[in-house]
Amino acid sequence: MNALPKTVDVLIVGGGSAGCVMAHRLSADPRRRVLLVEAGIDTPPGRVPAEILDSYPMPLFHGDTYIWPGLDAAVTRDSRGRMRRRAYEQGRVMGGSSSINVQAANRGLPRDYEAWAALGAEGWAWDDVLPYFRRLETDLDCGGPLHGHDGPLPIRRILEPAWPPFAHAVARAFDATGLPRRVDQNGEFEDGIFPPAFSNRDDARVSAAAAYLDVGTRARPNLTIAAGLEVRSLVMDGRRATGAVLRRGDGSEQQVRAASVVLCAGALQSPVLLLRAGIGPGDALSACGIPVRLDRSGVGENLRDHPALTMAQVLPRPLRLPETFRRASLLALRYSSGHPEGCASDMYLTASARAGWHALGGRLALYFLWVNQPHSVGRLRLDPANPSGPPDIDLGLLSDRRDLERLASGIRLLSDLVVSPTLNPRSDDLFPANYSPLIRRLSAVSPRNRRLTGLLAPVFDAPAMLRAPLLRAVLGGHAWATVLQDDGALDDFVRDNVFGVWHASGTCRMGRADDPGAVVDPGGRVIGTDNLSVADASVMPRLPSANTNVPTLMIAEKIAERMMVEMG
Ligand SMILES: Cc1cc2nc3c(=O)[nH]c(=O)nc-3n(C[C@H](O)[C@H](O)[C@H](O)COP(=O)(O)OP(=O)(O)OC[C@H]3O[C@@H](n4cnc5c(N)ncnc54)[C@H](O)[C@@H]3O)c2cc1C
């Protein structure tokens, strides 16, 4: 790291998906002094930890090295009316969540961005955002006018000729939907069965840090990359951001001055920094003893994630993936629920041939089912008892009943599809894979867990009659088939097991400057401030029908261009 400058032209807070794009684009002009501050460790080219490079990502979720500490969230009320809480993982490392995520590289559908524009994000309709989707990628499989060929992020798929037996079995099972097999989920916008696109080259993850903070970018003398430093607060002069207070690991603090500040701290941290600076709902700020600088009711509201259920299924030996085949997420199904208040392509299902890095996980398939167009909304606030501590997060995942109904019918469909002769015909071998504290502990990579799971794994090789009672115990004594037949039991099951897919977004929603609920205008400027912007997943007005990394990169590309034009 170069010495920390005292004054810069642009301070970028957070070196995640969006922050890496910003640093790369804004420092392209050598006259502009740019400082990128990231709380986690740096991952420079040639020194990226092997577990980050791995195409199989799950071990990263369960360690604590690259995860923001202390973040947990209220999920929804369970079947007994108690609020369920769970840890909510977010990346804290250069590249942010793109360094720990599942690498899915999905743009969403044109209608998602038409909806953004209709909600007041003028200039963000599909034709407006497509050039930025093209700019950010090099698609290694698909061409034509929808795709980019020289962008920083390589995107690829595991196509049918390279499929292992599991992928063929899933595709045959999914064929029962009658939907066609397709190749390009980023260029074919109808329902279908797809090989999921992912951000990866030569079987190695390409995070936003790897893509955008390459050797050439890092050599720019006008760019300082400071890792292991947390921005504790913004320094404001009236409605102008003049810099920030940075804290090192040893607790010492330093101030940096900036002509312009852009928040790229993610949907669970960017609103926190605004709130601590007195920008947010007046009542909530007063309750925390924070003087109100700018009363903006939308800060921390509109928190969205895709409500999801995760199921595991015992895999027959011939369908298990060899440990050397690292990419395990092999098929995706985009389909329409048919719910009277749903819309086309409102559901998504992925199939992975491995449920964990260890011997148990290697014997299980993992299915993620989520509502691709959810209605439920949550919110984030500061904790009045400890405003400088972790935020109070309520995901509100089933706050809208339509999401529960679509998950319930979706899990029936999932079950119909995968409890099949091509995969495994026993309904007792399908069970919920929620990450209980025990499973989380067992999933931390360690020689002890390797030994322990090695001892437990033969359960899955035992005759079905022996393993069925054990798996039934996971379902609270019920057989899966009886849960599916009982509407009430199925609703309870959804309430007790729903979680998100880490697509937190929307907490600094973009909208018209005269929209009292909007936080940033369509240029990403915090409404009512002079030189403060947000350019990450927080600004999404609604979730796209997709994972959120590539849409976040697109957002950062577009707002970076606006800033470059304005700064001259
Ligand atoms: C476990 C997991 C799996 C996911 N899987 C997928 C997937 O497969 N495909 C997909 O498209 N999306 C996936 N996502 C979501 C996607 O990765 C995120 O939506 C996207 O990375 C968000 O980008 P961002 O820039 O908004 O935030 P982030 O990438 O999270 O970056 C925020 C950065 O800011 C830093 N930061 C925060 N506060 C401060 C501060 N005060 N001072 C200094 N630094 C700070 C953080 O350490 C972090 O590095 C996943 C996310 C997670 C967590």
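Residues 9-308 have end C-alpha atoms 42 Å apart, and the span is 24% helix and 25% strand (helices, H or I of at least four residues, and strands, E of at least two, are DSSP runs numbered from the N terminus). UniProt, in an unreviewed entry, places the feature "domain: Glucose-methanol-choline oxidoreductase N-terminal" at this span; UniProt positions follow the numbering used here, feature names are shortened, and annotations may be inferred rather than shown by experiment. The model is predicted, with local features requiring pLDDT of at least 70 and side-chain atom pairs counted only at pLDDT 80 or more, while totals for chains, interfaces and linings use all residues. Numbering runs from 1 along each chain as its sequence is written.

An automatic or database domain assignment divides the chain into domain 1 (1-44 + 91-149 + 207-305 + 379-397 + 504-568) and domain 2 (158-195 + 308-373 + 398-497). Their contact takes 13 residues from domain 1 and 13 residues from domain 2, where two residues are in contact if their C-beta atoms, placed from the backbone, lie within 7 Å. On the side of domain 1 that touches domain 2 there are 6 nonpolar, 5 polar and 2 charged residues (Ala, Val, Leu, Ile, Met, Phe, Trp, Tyr, Cys and Pro count as nonpolar, Asp, Glu, Lys and Arg as charged, and the others, Gly among them, as polar). The C-alpha centres of domain 1 and domain 2 are 33 Å apart.

The largest nonpolar core holds 167 residues, of which L11, I12, V13, M22 and A23 touch the most other members. Because domain 1 and domain 2 both give residues to this core, it lies between them. Such a core is a set of buried Ala, Val, Leu, Ile, Met, Phe, Trp, Tyr and Cys residues joined through C-beta atoms within 7 Å; buried means 20 or more other C-beta atoms within 10 Å of the residue's own, exposed 12 or fewer, and partly exposed in between, with C-beta atoms placed from the backbone. Beyond four places in sequence, I12 touches G19, M22, A23, V34, L35, L36, V37, V262 and C264. Helix α1 is mostly covered, with 10 of its 10 residues buried; M22 and A23 are among them.

Turning to the ligand, 40 residues surround it, the closest being G14, G16, G96, N547 and N549 (a residue is near a molecule if its C-beta atom, placed from the backbone, lies within 6 Å of it). Two or more shell residues each come from α1 (17-26), β2 (34-38), β11 (229-237) and α17 (549-567). By class, the shell comprises 15 nonpolar, 20 polar and 5 charged residues.

Under "binding site", the unreviewed UniProt entry lists V93, V231, W502 and H503. These positions are spread over 411 residues of sequence and up to 22.8 Å in space between C-alpha atoms. V93 sits in the loop between β4 (83-87) and α4 (110-118), and counts as buried because 28 other C-beta atoms lie within 10 Å. Its contacts beyond four places in sequence are G40, I41, T43, Y66 and S99. V231, by contrast, belongs to strand β11; with 24 other C-beta atoms within 10 Å, V231 is buried. V231 is in contact with V13, V37, A244, L246 and L273, leaving aside neighbours within four places in sequence.

A546 is found in the loop between β23 (532-534) and α17, and its 23 C-beta neighbours inside 10 Å make A546 buried.
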